[in-house]
Amino acid sequence: MGKETLNFTTILGELSPEMADAIKKHFNRTTNLPDNVYQEGRLVSANCAIRRVATEPDFFMPLHIHDFLVFTYCRKSEGYEYLIGTNRYQLHDGDLIRIPQGVPHRPIPTENAEKPFVRDELWLRKDFLRSFGRRLPDNFLENWDNPYLFSGSGELWEEISSLYEKGVRETEQQAFRWDTVIDGYARVLLVSIARGILDEKTHILQSEQPNLFDKVIAYLKENLSKKITPEDVAKTFFVSKSTLNRTFQKHMGTSFYHGLTQLRLLAAQQLIMEGNALEKVSGEVGYADYPTFYRAFKKEFGLSPQQYKKDIAK
């Protein structure tokens, strides 16, 4: 089965050519896929984008973060779960995922996944949201930083599906002033999503009961500033090191050590986004000294912490 072309961003919506190249190298090193599989995603303006993403069941997308809000509409999701922060959700066609800025996330193909996971994504920067002023309900925005999974039905949700479809078509065709049209669709879609979420018939879906992987991820995130060994984690959860490694291979497509490194460095990215000093960041995510942190960051993402900080400031 051939790979689907991906249109996504792993870290930021607006990528410099240097960062885009670094991210492609990171993914290709991680997955051994050819360069032409990837088309790095970019927001068509500084504020919003609508696009379709399709990934095969055997593709393990690494944990990643964005510096913008994402609303994901699930088109074909049978056999997939989604990890947002430390919460894992079972997906169904027509579900709407809200992924806040700076929260690590990734789709998880289960053993039952046989077809590509197809979803439409609405990307919104906070400047775009601020442009609405008080036109969105207060209770729609007050829990903005909490991830949720929503399920609804009826004409309102059919309209949401249709707006995503139209936005994707504009993005793919790129006709005259398509970016202006996308801006308009994004505004209408956001209001429609607000109506859908606030509708009394819409269900807020709960995360799955925590399994071993979920519990270990939560434990690691709470202890990133400390020294963590697989022996200590295995002992904490009364499992063997081999079980721990198999769990990470199953859910993240990588070893325990590399999974822990990803969690540390994603937390570092978020702290850098928040304006923290780089040497302080290295200590808060568990590195004994800055040079070690520098080498790990550059190896994982293909650019230095200073370059990353400079890039997100643009």
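Y164 is buried, its relative accessible area being 0%, where buried stands for under 20% relative accessible area, exposed for over 50% and partly exposed for values in between (1.4 Å probe, protein chains only). Y73 has 10% relative accessibility and therefore also counts as buried. This is a predicted model, in which local features need pLDDT of at least 70 and side-chain atom pairs count only at pLDDT 80 or more, while totals for chains, interfaces and linings use all residues. Residues are numbered from 1 along each chain as its sequence is written, and side-chain values use heavy atoms, with hydrogens and water left out.

**Aromatic pairs**

The structure holds 15 aromatic pairs. Rings of Phe, Tyr and Trp (its six-membered ring) pair if their centres lie within 6.5 Å; planes under 30 degrees apart count as stacked, over 60 as edge-to-face and the rest as tilted. The pair of Y73 and Y164 is stacked, because the ring centres are 5.5 Å apart and the planes stand at 25°. Since Y73 lies in strand β4 (residues 69-76) and Y164 in helix α4 (residues 155-173), the pair ties together parts that are 91 residues apart in sequence. Helices (H or I, at least four residues) and strands (E, at least two) are DSSP runs, numbered from the N terminus.

F256 and Y257 form another aromatic pair, which is edge-to-face. F256 is buried at 1% relative accessibility, whereas Y257 is exposed at 52%.

| Pair | Centre to centre | Angle between planes |
|---|---|---|
| Y73 and Y164 | 5.5 Å | 25° |
| F256 and Y257 | 6.2 Å | 65° |

One aromatic cluster is formed by Y287, Y290, F293, Y294, F297, F301 and Y308.

**Helices α9 and α12**

Y308 also takes part in the contact of α9 with α12, in which Q269, I272 and M273 of α9 meet P305, Y308, K309 and I312 of α12; contact means heavy atoms within 4.5 Å. By class, this contact has five nonpolar, one polar and one charged residues. Ala, Val, Leu, Ile, Met, Phe, Trp, Tyr, Cys and Pro count as nonpolar, Asp, Glu, Lys and Arg as charged, and the others, Gly among them, as polar. The axes of α9 (residues 256-273) and α12 (residues 305-312) come within 10 Å and cross at roughly 50°.

**The chain as a whole**

The protein chain has twelve helices and eleven strands. Of its 314 residues, 51% count as buried. Among contacts between residues at least 6 apart in sequence, 75% join residues at least 24 apart.

Terms used:
Axes are lines fitted to C-alpha atoms, for helices over the stretch in contact, and angles run from 0 to 180 degrees between N-to-C directions.
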